[in-house]
Amino acid sequence: MTSLFTNLFDGVAYGMLLFVLACGLAVTLGLMNFVNLAHGAFAMAGGYVCAVLVNQSGWPFFAALPLAFVSSALIGAVLERSLYRHLYHRNHLDQVLFSVGLVFMSVAAVDYIMGSSRVFIRIPQALEGQIDFFGVGIGRYRLMIIVICGLLTASLQLVLARTRFGSRLRAAVDDPRAASGLGINVPQVFAFTFAFGCGLAGLGGALSAEILGLDPYFPLKFMIYFLIVVTVGGSSSITGPFLASLLLGIGDVAGKYYVPKLGPFVIYTIMIVILIWRPNGLFGRTAAR
Amino acid sequence: MTAQADVGYHARQHARWHWSEIAFWSLALACAFLFPSRYLIMTDIVRLALFALSLDLILGYGGIVSLGHAAFFGVGAYTAGLLALHGVIAEPAFALVASGLVAMALGFVTSFLVIRGADLTRLMVTLGIALLLEALAERFSDITGGTDGLQGIEMQPILGLFAFDMFGKVGFFYCLAILFALFLLARRIVHSPFGLSLRAIRNNPLRAAAIGIPVNKRLIAIYTLAAFYAGIAGALFTQSTQLASLDVFSFERSADLMLVLVIGGTGYLYGGLIGAVVFRMLQEVFSTITPQYWQFWIGLVLVVIVLVGRQRLHRWVLWAPNLVIRQLSGRKAAVVVPESDAP
């Protein structure tokens, strides 16, 4: 029974992490209908920035996390302004080719600079080990992830629902043409959101080094997970991807624990079934426009 | 001339063999005798060309973007490997057809999943199917050999006459013959009324449906056929390398394949063949410069191709040959711009 709760807890932590990693992609796919397979590369960039700062420059872990966010957001902003924006109106094939090209480049570049072995980030002593909570073992690191990601999710939801920027963004998601007709600078909104999403991915990459593992093949290994979160969750709201990533996290952890031999088989099957059943995602209205 | 007769006339004109096509195949055959020490890489190119031809059928003619075409390649590869390993069908040519048929069956079943949904859903479903098969192959390692792959495959002589030699000469001619035969079939198909209807679907599915083309049925048919081709390509891979491992299903294989097709251009059948040659050459060059990091340069090529624009790139490449032809024979451009790319 306790293992059930521990698994559930790990699954929730994993799912929250996936959400932070993938929610930027939800905007890219949902707002501009841009198939960005290179989203994981931004996460990897954040992870490696954090790793270098902590392991080589001796920064404290919590000081390096914001920098992972900022550096990934910067890379995202530069790439968006220089490359991505030329491709918004191209067909999906071009977008896929372009982002696959970026993934290949990032994998080889990181392999060249940092080596191909897995990188570990030294985490503070306070985060190691488990807390015993009514007999349920709770990892401190995972608890921290849930807290950070939970706060992030709540504030994202607040920003989207309550602020002026949030309403602009939602308007642009619903109908870019009408939104720009109302005087909303859609490209600017998108550039900002893209950079912010990349930053979140970078933060997620830094946090996930401990759980998912960080190596040059990160963007390829987890590409399918990010895509699952977005396509299954739909991109019409933030709740869809959030629930989808929780489902995915819990399902994946439970699947690996209870039916280890089937491995990722369960996840892929569920994804295909859901996509066949509801091509626009479980919670989406207009995900696949 | 009525409009209908006009369309028929042009379709027939397109379907006629052009002298440049004959030159292309003569050149391919000539390569076999010109570079006797390079059979292995040339076999590789031929296999890749067949695989790319298969993707061209669904992407260039059906308009389906697939990220998991390696699924059929892998199924063909493992089927051929298992057939040879257990001696079920020892004769390679029959085993080849059998592997193609198995892949074809899978293609038929999965095509119902693929025709549902828009581009993004298709991407995810095709990618998911390939990953699923990879996971399955890893899971059932007692059949597939798991991460070690199928080992100890011994190939019998083709039709009981030609034994595979260590220099790959027989393997090359075998692959080239298969490629040519399947190319002829594909050429016949895309120039048939069926092929024309596919082009109509690619250009505008809604309008195609409105003039009475059964869109879904046609897409299922071409997807199934493409799966057959990919299965044959996979089986050729196993038969000529005597190896089948998990990486036949890998995402990189599907992604590389897209690059091959994009280099050559989609929608005129030769794209995959030309692309395969160029891609393999590029890979050779890159891996001599930076043995470990050639993937970076492949990625750069992809990004540049997309940013410059596929149409523009093909116009640049074809500019010189077209100029020469125009000067020499006073005709309009004879080297065709791929139809999908024509302005």
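**Chain A fold and a helix of chain B**

In chain A, take the contacts between residues at least 6 apart in sequence: 76% of them join residues at least 24 apart. This is a predicted model, and confidence is the next point to check. Chain A has an average pLDDT of 86. A score of at least 70 is reached by 96% of its residues. Confidence in chain A is highest in helix H3 (residues 61–82), at a mean of 93. It is lowest in strand E1 (residues 130–133) of chain A, where the mean is 74. Where pLDDT is low, predicted coordinates should not be read in detail.

Now the architecture. Chain A contains eleven helices and two strands. Along the sequence they run α-α-α-α-β-β-α-α-α-α-α-α-α. The radius of gyration of chain A is 19 Å, close to the 19 Å that the globule rule gives for 289 residues, so chain A is as compact as a globular protein of that length. Along the principal axes, its C-alpha atoms fill a box of roughly 55 × 45 × 35 Å. Of the 289 residues in chain A, 51% are buried.

Turn to chain B and its helix H8, residues 169–190. This helix has 22 residues. From first C-alpha to last, H8(B) reaches 31 Å, close to the expected 32 Å. Which residues in H8(B) are buried? They are Gly171(B), Phe172(B), Tyr174(B), Cys175(B), Leu176(B), Ile178(B), Leu179(B), Phe183(B), Ala186(B) and Val190(B). An α-helix has 3.6 residues a turn, so residues three or four places apart point the same way.

Conventions:
Residues are numbered from 1 along each chain as its sequence is written. Chains are lettered from A and ligands numbered from 1 in the order in which they are written. This is a predicted model: local features need pLDDT of at least 70, side-chain atom pairs count only at pLDDT 80 or more; totals for chains, interfaces and linings use all residues. Helices (H or I, at least four residues) and strands (E, at least two) are DSSP runs, numbered from the N terminus. The expected span of a helix is 1.5 Å times one less than its number of residues. A residue is buried if 20 or more other C-beta atoms lie within 10 Å of its own, exposed if 12 or fewer, and partly exposed in between; C-beta atoms are placed from the backbone. pLDDT is the predictor's confidence in each residue, from 0 to 100. The radius of gyration is taken over C-alpha atoms; the globule rule is 2.2 Å times the number of residues to the power 0.38. Two residues are in contact if their C-beta atoms, placed from the backbone, lie within 7 Å.
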